[in-house]
Amino acid sequence: QVQLAESGGGLVQAGGSLRLSCAASRTIFSIDFMGWYRQASGKQRELVAGITSFGRTNYADSVKGRFTISRDNAKSTVYLQMNSLKPEDTAVYYCTAVNIGGTSSWGQGTQVIVSS
């Protein structure tokens, strides 16, 4: 497991942008998968975006074209650039990491609130 710390959440108006950061406690070269999940009030946690150790990315249909996940291995950090934010993007966003052995780690979450 690795320790994960999210940051970058906050309050933004619809159409605005935020960049979330997920800093890992160790190198992410060996981490098989890192991703961002979100959980809105009253809803289950859902995958927003993911990136593998090979750089392959995937996105939820609801965020394709608006969100971009990226990684900086030198900084042991994964980012989620969120553009054209909508009120329905309001949620707590969680970073997760799964190593090649299948062990999962989760951050504490960062709140994103998008106002109309």
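**Reading rings, a sheet and a buried threonine**

The structure holds one aromatic pair; such rings of Phe, Tyr and Trp (its six-membered ring) have centres within 6.5 Å, with planes under 30 degrees apart called stacked, over 60 edge-to-face and the rest tilted. This is a predicted model, where local features need pLDDT of at least 70, side-chain atom pairs count only at pLDDT 80 or more, and totals for chains, interfaces and linings use all residues. Residues are numbered from 1 along each chain as its sequence is written, and side-chain values use heavy atoms, leaving out hydrogens and water.

Reader: Over which ring does the charged end of arginine 45 sit?

Author: A charge sits over a ring if NZ of Lys or CZ of Arg is within 6 Å of the ring centre and within 35 degrees of the ring normal. Here the charged end of arginine 45 is over the ring of tryptophan 106, 4.8 Å from its centre. Arginine 45 also lies over the face of tyrosine 94, 3.8 Å from the ring centre.

Reader: How do strands of a sheet pair?

Author: They pair through backbone hydrogen bonds, parallel or antiparallel. Strands (DSSP runs of at least two residues, numbered from the N terminus) count as paired if DSSP finds at least two bridges between them. In this model, four strands form an open antiparallel sheet, ordered E1-E3-E8-E7. Strands E1 (4-7) and E7 (67-72) are at the edges with a single partner strand each, so one side of each has no neighbour in the sheet.

Reader: Is threonine 110 buried or exposed?

Author: Threonine 110 counts as buried because its relative accessibility is 11%; buried means under 20%, exposed over 50%, and partly exposed in between (1.4 Å probe, protein chains only). Threonine 110 belongs to strand E11 (residues 110-115).
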